[in-house]
Amino acid sequence: MRSIDIIIKKRDKQELSAEEIDFFIQGYTRGEITDYQASAWAMAVLLNGMTARETTDLTLSMARSGQILDLSDIVDIVVDKHSTGGVGDKTTLAILPTVAACGLPCGKMSGRGLGFSGGTLDKLESIPGYRVNLSTEEFRKQLKEIGIVLTGQSLDLAPADGKLYSLRDVTGTVQSIPLIASSIMSKKIAGGANAILLDVKTGLGAFMQTLAEARELADTMVAIGQLAGRKVHIMLSDMSQPLGFAVGNVLEVKEALDVLHGGGPTDFRIHCIAACADMLVLGGRTPDLPSAREMVHKVIEDGSAFNKFIELVKAQGGDASYIEQPEKMAQARYVEITNSPHTGYLSQVHARLIGEASVDLGGGRIKKSDPIDHAVGIEVLHKVGEKIQIGEPLFVVHANDPQKLRQARETILAAHSFSENPVEPLPLFYQ
Ligand code: URA
């Protein structure tokens, strides 16, 4: 078999066999197939697509490119969750401790920010000392001992995805349904998940901008799950405006803590409770959603969800006093409120522009090697559909550089659109 023939076959819109896909993926993982060949192949897949069978074979081949974690000696059913990424999406920080406090052990490997979309690992590193590079053995030990782990992707798991993902990021080949679906599902399968809750985002601040594309991605991942013997639940959620109010690492950790204390913005809190309840049902912890929701409310009210987060932070070397007194976390030098220049109904709070403004403030990376400024970010103060008066506070920018502050103010102002006529609030979920 030759890699060039596989590239040409996909370029010519033909279906690849399982053997051809596996030859390409394992060869690429071992370094026998070059980055430029893999780029050409990824572009051919992006342009010509893949059948459901090809996508599943690709997923399984990527999952098999490294170790497949077996956690069956620790947990009866391994339940994982994954969001396709968005702006202000700090749900993992609130969901994981809540689910673990309900008695369903939860170990998760998360990622860093990607373009305008934030990453859980960057947020966690706002907590001094927190380690995101646990070994597989440390992962297993901690999951067994305290029932919660939140760390980075181990290098041994789905290494083909790690390599291919960085390549796609710089070759314009991220936005492909078979490539996204196989990337996500290969990591979940390699991580040992039996049941997976997928939060597929759609809208201006999501990879899938239309509901139709998001549904296609969701259906593809459900089909992979079925063929691979995994249970998959889907949440199709809005990402046209940021989730919650906070965008930026420290700001998002603080907002997640608010939810663990029973507060936080309504949309973000409802989103987290819905996801927790679904995971509890998937994991067989409760028979149905109403009893799951009841359990979730209880562990938030009695403080055990928050205490689980403290336990997690301590176990991973973090200084828990920053969680107990979040005001200790890094604060930006300049905190500036911008008032609304208009009276009217908010018709858009453009998530992507706000995510980009946060990256430009230093809260994300433009190059892979860029350091993160954890303190900077944005608090949007209103949601689509709200009536705003001229002069009323519209958003707050947290910056460490006056020039960047001015730039962010302009971008975020442009992200807000107004209408004279009433505007329907955006739904939180489409499914
Ligand atoms: N998240 C992933 O893990 N992979 C993708 O390709 C896109 C989003």
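The exercises below concern the domain interface, a pocket and the cavities of a predicted model.

Local features need pLDDT of at least 70, side-chain atom pairs count only at pLDDT 80 or more, and totals for chains, interfaces and linings use all residues. Residues are numbered from 1 along each chain as its sequence is written, and side-chain values use heavy atoms, with hydrogens and water left out.

**Exercise 1.** Describe the interface of domain 1 and domain 2.

*Solution.* 
Step 1. The domain assignment, which is automatic or from a database, gives domain 1 (3–49), domain 2 (79–326) and domain 3 (331–419).
Step 2. Taken over C-alpha atoms, the centres of domain 1 and domain 2 lie 30 Å apart. The contact (heavy atoms within 4.5 Å) takes 13 residues from domain 1 and twelve residues from domain 2.
Step 3. The two domains bury about 1100 Å² between them, with 79% of it on carbon and sulfur atoms; this is the accessible area (1.4 Å probe) lost on being put together, summed over both parts. On the domain 1 side, Y28, T29 and L46 lose the most area to domain 2, together 45% of what that side buries.
Step 4. Between these domains there are zero salt bridges (a side-chain nitrogen of Lys or Arg within 4 Å of a carboxyl oxygen of Asp or Glu).

**Exercise 2.** Characterise the second largest pocket and the largest cavity.

*Solution.* 
Step 1. On a 1 Å grid over the protein atoms alone, a cavity is a set of points where a 1.4 Å probe fits but cannot get out, whereas a pocket is an open set with protein on both sides within 12 Å along at least five of seven lines; lining residues have an atom within 4 Å of a point. A volume is the space filled by probe spheres set on the points, which are joined across faces, edges and corners.
Step 2. The second largest pocket holds about 210 Å³ of space. Its lining has 14 residues, of which Q241, D267, K383, L426 and L428 are the closest to its centre.
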